Amino acid sequence: MSEPFLIGDAMTGGYGKGPDILHECTIAVNPGEIAVIVGPNGAGKSTAMKAVFGLLNVRSGAVRLDGEDITSLSPQDRVVKGMGFVPQTQNIFTSMTVEENLEMGGFIRTDDIRDTMEQVYDLFPILRDKRNQPAGELSGGQRQQVAVGRALMTKPKVLMLDEPTAGVSPIVMDELFDRIIEVSRTGLPILMVEQNAKQALEIADKGYVLVQGRNAYTGTGQELLADPEVRKSFLGG
Amino acid sequence: MDFLNALVAFVNFVGVPAIAYGSQLAIGALGVTLVYSVLRFSNFAHGDTMAFGTMITILVTWWLQSLGVSFGPLPTALLALPAGIAATMALMLFTDRTVYKFYRAQKAKPVVFVMVSLGVMFMMNGLVRFVIGPGDQRFADGERFLISARDFKAMTGLREGLAIKTTQGITVITAVIVVALLFWFLNKTRTGKSMRAYSDNEDLALLSGINPERVVMYTWLIVASLATIAGVLYGLDKSFKPFTYFQLLLPIFAAAIVGGLGSPIGAIAGGFIIAFSEVTITYAWKKVLTYVLPESLKPDGLVQLLSTDYKFAVSFTILVIVLLFKPTGLFKGKAV
Amino acid sequence: MSDTVKTSLLFLFVGVLILLEGSTNALFFSGSWNSALLILNMGLVSAIMALGVNLQWGFAGLFNVGIMGFVALGGLAVVLVSSAPTPGAWSQGGVGIIMALVMGAMTLVAAIAVFRMMEPGKLRSVVMIAVLAVGFVVYRAIFDPSVAGVEAIDPALAGNLGGLGLPVLLAWPAGGLLAAGAAWLIGKTALGLRSDYLAIATLGIAEIIIAVMKNEDWLSRGVKNVIGLPRPMPYEVDLQNDAEFVAKAADYGLDPVLASTLYVKLGYSLMFTVVLLVLLWMAQMALKSPWGRMMRAIRDNEVAAEAMGKNVTRRHLQIFVLGSAICGIAGAMMTTLDSQLTPGTYNPLRFTFLIWVMVIVGGSGNNFGSVLGGLLIWFLWIKVEPMGLLLIETITAGLSDGSAVKAHLLDSAAHMRLLTMGLILLLVLRFSPRGLLPER
């Protein structure tokens, strides 16, 4: 099997000088795919994603993007390299308008960002209507759209979402998943951490079940949904 | 007629001075609020920054005057202002480099920054006294009045005169220009927006590739300009004395907090609220009331609510009331 | 080097500085024992202030920049307690003033009652404003003539209410009480807000206290100053006329004038040292007590302490009042030392921020550090001027005597103080943020 586009390979590490939270954890995603990290509370889901993004100390293992080793880069440099990251909370500029949020998303770009902005508006039409409204005044689902839109503004080569559906209603969640699928159809690899394991695995091409910082089960979304072990332990039967 | 006289007296003794003073406070408070929103601490050295900028402007004014340069009817200090701003910018960048940067890298608590700004305040205060001395300096020249009381009386035939000092006119015009420029910068330019983004959500700004050191640098440059302009306008309108500038901290902080720390519009509104309250409460209303009230109710005393020495008490009382009832200020500053 | 040795050595160092000040006039020392004792006395007072601030900052993390106000209140207490009552002041308006003040307080209470009891809405605002307006008019109607009455009495010498004529030492605890009362009022309103706001609130209240003392002539004679306050030590002139004292001085080989000035100053030094030691002992006991441990726990993690059921705001109020009271005591001691109250000389740079430099340099959280900082920084505060002069004389030695630059520099040497204090503060914060004697 050829090397995946983005891979966190056998990562071991923790925050600062703290104890290791991840143990030989491997996460990978390819273009056109949605990879989902699920697992019980405290399994290190978000930590694994943060490790890929460079927010914690990876003591052994490596992160490679498009074949290039980026393990030692800072998160900011990874953004430049083409990684888009949407944090779980505080992922928008609340006091700024929707359009300004997108503009700030494209801050590092020196070329014309208007086309990309139009693409984001096409993807999330509601944002076009609310472009001049402060993002802090939007509903939870709309804020998440702004957050994803902001990350898309850099024209990333890979998009990482940390629990995008945390705290939104089931209807909004379905809509957000639809949008994410749409984004993925453009060929952009998406790595996502999800609390709502069942729904997430349904749209996932690849699923990683983490337990205590280790890979417990790995497979396609359908495989994992079908796996009786996984069903029993994490999906409530 | 009496009513008109009363109105003119009111505008002359309350309206005009309060608008000028309010503009000066507003520009000062904008500086405080910018430091607070980007660097996240209350800068106790702001009054002394104003004093430093004004001092340089005064020195350059004196030099220009000695060369025989004048600005016609306008004060020469306006010609010297750019030099004052440039010097203050240099000082701010130097201070940031040598002092604040270290604590930023350490991610020190805000209270440590405040403490450090006390040290900076001491040094700047000492520097200003060292160079220009602790005394009073007047440096306004040019035409003294836009409209003098006598001209106004001759024009209107009223018993009360309305005088507008040139410096008051300049203050208001400059304030309008400065505020317009600042808002244009913050809302329309890329750099301005990146400053707002950084102030709104530091982590996300970093993720978006906004360089914090650049944001901080621009902030200091703007703060230096605002502080110098506020200081020079205040000094032209009244006079320059290092200790007075240090004491301006209180009304300026009051203005920034009343408006909502971190909110530029709030800083402006706060400046005018504080200025109008101070002037209104410490003004002797006898003159105005004499015109308005019937003969039998004529006041005997000055009808001054508080002596002028209590103007700090006024800003402070407003500050406390706002803090108690609306801690984020009138214009929702950064959440506490 | 153990902590105790380090502490002892640093104190020894300050002691040597003061001894040198008295014994040699080399460098910037003056070689005058009077000057040495003056520095020591004010150093002791400063140390007490620093102790009070350390209680608030070092123990509880409260950022009080209104020290000047509490110190001034202590000074006011000396006037109110120990100066002689002005004859006729009470009958000519004193009572009226008190009544007016009570009236004013009642107005505020009534306004607050209206605010608490009535439903929120326009009516409430109108009623509240009406209460305040009527109260204010009545207050002024009683207050103004009474004040005029009091201030008319012998304005060149008195014109104020005067005091109770009690022994001046009583004024020290009274100063503490007065400051504590003010601190309680401030704390009630401003504690619980974020740290910056407490700082600004205290900065403001200090300015207001000074404004009141400068303007309310009936209270403190304002900028006319109250002079000739009673003192706990005999007057130098009396000592010089006392044959026994002169004889004793002669035994030590001192002339009577020098002996009398030193005697008086030494007396103050002793008294101040006693007060300082008592307060230091109390502060140490407090630090080690469960109360002190709880305070520090709150300082280090307010949220956790609150979660454990500690009433943080209440504890903060306690320590804020205590610390301010200590500043008030020190203020009363200072006014006693000067035997005059000069409201015009209270300057926040000197009475608030300098004390902060003392606390930070000494080591916040360490009581001995505050005392050390108080003595050391006060010595520097006095001595930076001659040091600066020396420095500038050296630098400008090459310049001709008539040069304007040289004259200006020499004139400005006096302003080296603030510059140096700022520099010391910044250097300590940067390179030794825990101070000379770090918290244990």
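**View 1. Surroundings of Ile48(C) in the predicted model.** Ile48(C) touches Val275(C), Leu276(C) and Leu279(C), and also Ile326(C), Ile329(C) and Ala330(C). This list leaves out residues up to four places away in sequence.

**View 2. The largest nonpolar core.** This core has 290 residues. The members that touch the most other members are Met160(A), Leu191(A), Ile48(C) and Val357(C). Helix α2 of chain C, residues 33-60, supplies the largest share of the core, with 17 residues.

**View 3. Helix α7 of chain C.** The helix covers residues 195-215, which makes 21 residues. From its first C-alpha to its last it reaches 30 Å, close to the 30 Å expected at 1.5 Å a residue. Because 18 of the 21 residues of α7(C) are buried, the helix is largely enclosed by the rest of the structure.

**View 4. Chain B.** Chain B contains 14 helices and two strands. Its C-alpha atoms fill a box of roughly 70 × 55 × 35 Å along the principal axes. A compact globule of 336 residues would have a radius of gyration near 20 Å, so the 21 Å of chain B agrees with that. Buried residues make up 51% of the 336 residues in chain B. Of the contacts in chain B between residues at least 6 apart in sequence, 76% join residues at least 24 apart.

**View 5. Contacts between chains.** Two pairs of chains touch, and the most contacts are between chains B and C. Chain A and chain C are joined by no contact, and their closest C-alpha atoms lie 20 Å apart.

Note on methods: Residues are numbered from 1 along each chain as its sequence is written. Chains are lettered from A and ligands numbered from 1 in the order in which they are written. This is a predicted model: local features need pLDDT of at least 70, side-chain atom pairs count only at pLDDT 80 or more; totals for chains, interfaces and linings use all residues. A nonpolar core is a set of buried Ala, Val, Leu, Ile, Met, Phe, Trp, Tyr and Cys residues joined through C-beta atoms within 7 Å. A residue is buried if 20 or more other C-beta atoms lie within 10 Å of its own, exposed if 12 or fewer, and partly exposed in between; C-beta atoms are placed from the backbone. Helices (H or I, at least four residues) and strands (E, at least two) are DSSP runs, numbered from the N terminus. Two residues are in contact if their C-beta atoms, placed from the backbone, lie within 7 Å. The expected span of a helix is 1.5 Å times one less than its number of residues. The radius of gyration is taken over C-alpha atoms; the globule rule is 2.2 Å times the number of residues to the power 0.38.
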